[in-house]
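Here is a short briefing on one protein model.

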Amino acid sequence: FVVANSLGRLPPCRLPARGNHWEGSLLIFQRINDFVTEHRPKAVCDKCIYEALNYYSSADSALITEALGTTPDFNRRLGQCALCKNERIVIRANPT
């Protein structure tokens, strides 16, 4: 989506990734989708997702996994993360 201000149209909203570059929010969404799908049938937590993909906080990945969890392709619930073994809110890709 594009925001307009007194200077005119601004570029699409982007979320920062670690390092000196920016990634578009759709790319971040796709990377998280791919990461969770690659770990099928295992469930992963937001913290492990953001650490693996090198983002600033688990809040960034939580927003996206919350959205993915509303689709029929993913299941988001309390459970054990396959990576860190902690009991947390996790997401898993449903079988195809």
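In this predicted model, 29% of the protein's 96 residues count as buried. The accessible surface comes to about 6200 Å². Carbon and sulfur atoms hold 56% of that surface.

**Fold layout**
- The protein has seven strands and three helices.
- Read from the N terminus, the order of elements is β-β-β-β-α-β-α-α-β-β.
- Take the contacts in the protein with a separation of 6 or more: 45% of them join residues 24 or more positions apart.

**Helix α2**
- Helix α2 covers residues 46–53.
- Its buried residues are D46, C48, I49, Y50 and L53.
- N54 follows α2 and has a positive phi, near 65 degrees.

**Cysteines**
- How many disulfides does the count give? The count is zero.
- A disulfide is a covalent bond between the sulfur atoms of two cysteines.
- The cut-off for the sulfur pair is 2.5 Å.
- For C45, the closest cysteine sulfur belongs to C48 and lies 3.6 Å away, so the pair is too far apart for a bond.
- For C84, the closest cysteine sulfur is also in C48. The distance is 3.8 Å, which is again too far for a bond.
- C45 is buried, because its relative accessibility is 1% and the limit for buried is under 20%.
- C84 is partly exposed, with a relative accessible area of 26%.
- C48 itself is one of the buried residues of α2.

Technical notes:
Residues numbered from 1 in each chain as written. Predicted model: local features only at pLDDT ≥ 70, side-chain atom pairs only at ≥ 80, totals over all residues. Heavy atoms only, no water. Buried < 20%, exposed > 50% of the residue type's maximum accessible area, 1.4 Å probe, protein only. Helix = DSSP H or I, 4+ residues; strand = E, 2+ residues; numbered from the N terminus. Contact = heavy atoms within 4.5 Å. Areas by Shrake-Rupley, 256 points an atom, 1.4 Å probe, with all protein chains shown as cover.
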